[in-house]
Amino acid sequence: MITLSRPAHWEEEIKKSRFLAHAARADSIAAAEAWIADRSEPAATHNCWAYRIGPDYRFSDDGEPAGTAGRPIYSAIEGQSLDHVVVLVIRYFGGIKLGTGGLMRAYGGCAAQCLRAADRIEVQPRVQLVVDLGFEHTGAIHALAEEFAADKLTESYTADGLSLTLSVEERSGPELIQRIRDATGGAASVRSGDGDGAPDADANP
């Protein structure tokens, strides 16, 4: 997966309208939406955006004619084969209408220029897994987390045992779930911890 190693910025004036493009890495829908909310400028005429996070994507025209802003921004992300990326293009209207084609070129072009100027990095996408298990299996799970280079994000005790949130490379997720099943004799359960509506991955047979 190719994503951005640091936030990027691009600014230009097109027929007296000022366009400000911002781009950054986002590893979850919640992170992308929080970033958009934080970066948007209420005084601007339009705050148009798009993001792509694996199979999930969204875009917004924020009051511009349908299809003239959010979609071209998303196309800029897709056209450069980027993932886990969010782009916001802010417009301050300068008094001259650009027309449908002009808007598409302006929003798409600013987004593309911002992304071209950005530093990139190749990383393996990660997923979050919440593991619920009995106390007797904690040693085995910690050993597996270390073996799979999984980051432990949270750890809390429950009445029946322990609940762990692990972050692991997406490609290793299925094998880790299987190893958890094997190590606990099917007693533990695993579910998605990404908060994106993904189905549970039950470790029980």
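User: In the hairpin of β2 and β3, which residue takes a positive phi?
Analyst: K15 does, with phi near 50°. This is a predicted model, by the way. The hairpin has two residues between the strands.

User: How many bridges join β2 to β3?
Analyst: Seven. Strand β2 covers residues 8-14 and strand β3 covers residues 17-25. The two run antiparallel.

User: Which residue in β3 is the bridge partner of E12?
Analyst: F19 is the partner of E12.

User: And what stands opposite E11 in β3?
Analyst: L20 stands opposite E11.

User: What is the strand order in the open sheet of five strands?
Analyst: The order is β2-β3-β6-β4-β5, with antiparallel pairing. Strands β2 and β5 (56-60) are at the edges. Each has a single partner strand, so one side of each has no neighbour in the sheet. The twist averages 10° from one strand to the next.

User: What holds strands together in a sheet, in general?
Analyst: Strands of a sheet pair through backbone hydrogen bonds, either parallel or antiparallel.

User: Which strands does α1 lie across?
Analyst: Helix α1 (residues 29-39) lies across β3, β4 (46-53), β5 and β6 (85-92). The helix runs at about 20° to β6.

User: New topic, helices. At what angle do α2 and α3 pack?
Analyst: At about 30°, with the axes 8 Å apart. Helix α2 is residues 70-79 and helix α3 is residues 99-117. That angle makes α2 roughly parallel to α3, because angles under 35 degrees count as roughly parallel.

User: Is the crossing of α2 and α3 left-handed or right-handed?
Analyst: The crossing is right-handed.

User: Which residues meet there?
Analyst: From α2, the residues are P72, I73, A76 and I77. They meet M104, Y107, G108, A111, A112 and L115 in α3.

User: How many of the α2 and α3 contact residues are nonpolar, polar or charged?
Analyst: Nine are nonpolar, one is polar and none is charged.

User: Over to the other sheet. What is the order of its four strands?
Analyst: This open sheet runs β9-β10-β8-β11, and the pairing is antiparallel. Its edge strands are β9 and β11 (189-192), each pairing on one side only. On average, neighbouring strands are turned by 20° against each other, direction ignored.

User: How many bridges link β9 and β10?
Analyst: Six, in the antiparallel sense. Strand β10 is residues 161-169.

User: Where does T154 lie?
Analyst: T154 is in strand β9, residues 151-157.

User: Is T154 buried, exposed or in between?
Analyst: T154 is partly exposed, because its relative accessible area is 43%.

User: Which residues does T154 contact, leaving aside neighbours within four places in sequence?
Analyst: S163, L164 and T165.

Note on methods:
Residues numbered from 1 in each chain as written. Predicted model: local features only at pLDDT ≥ 70, side-chain atom pairs only at ≥ 80, totals over all residues. Heavy atoms only, no water. Pairing = 2+ DSSP bridges. Axes fitted to C-alpha atoms, helices over the stretch in contact; angles between N-to-C directions. Parallel < 35°, antiparallel > 145°, perpendicular 65-115°, else oblique. Left-handed = near helix turned anticlockwise from the far one by under 90°. Contact = heavy atoms within 4.5 Å. Nonpolar A, V, L, I, M, F, W, Y, C, P; charged D, E, K, R; others polar. Buried < 20%, exposed > 50% of the residue type's maximum accessible area, 1.4 Å probe, protein only.
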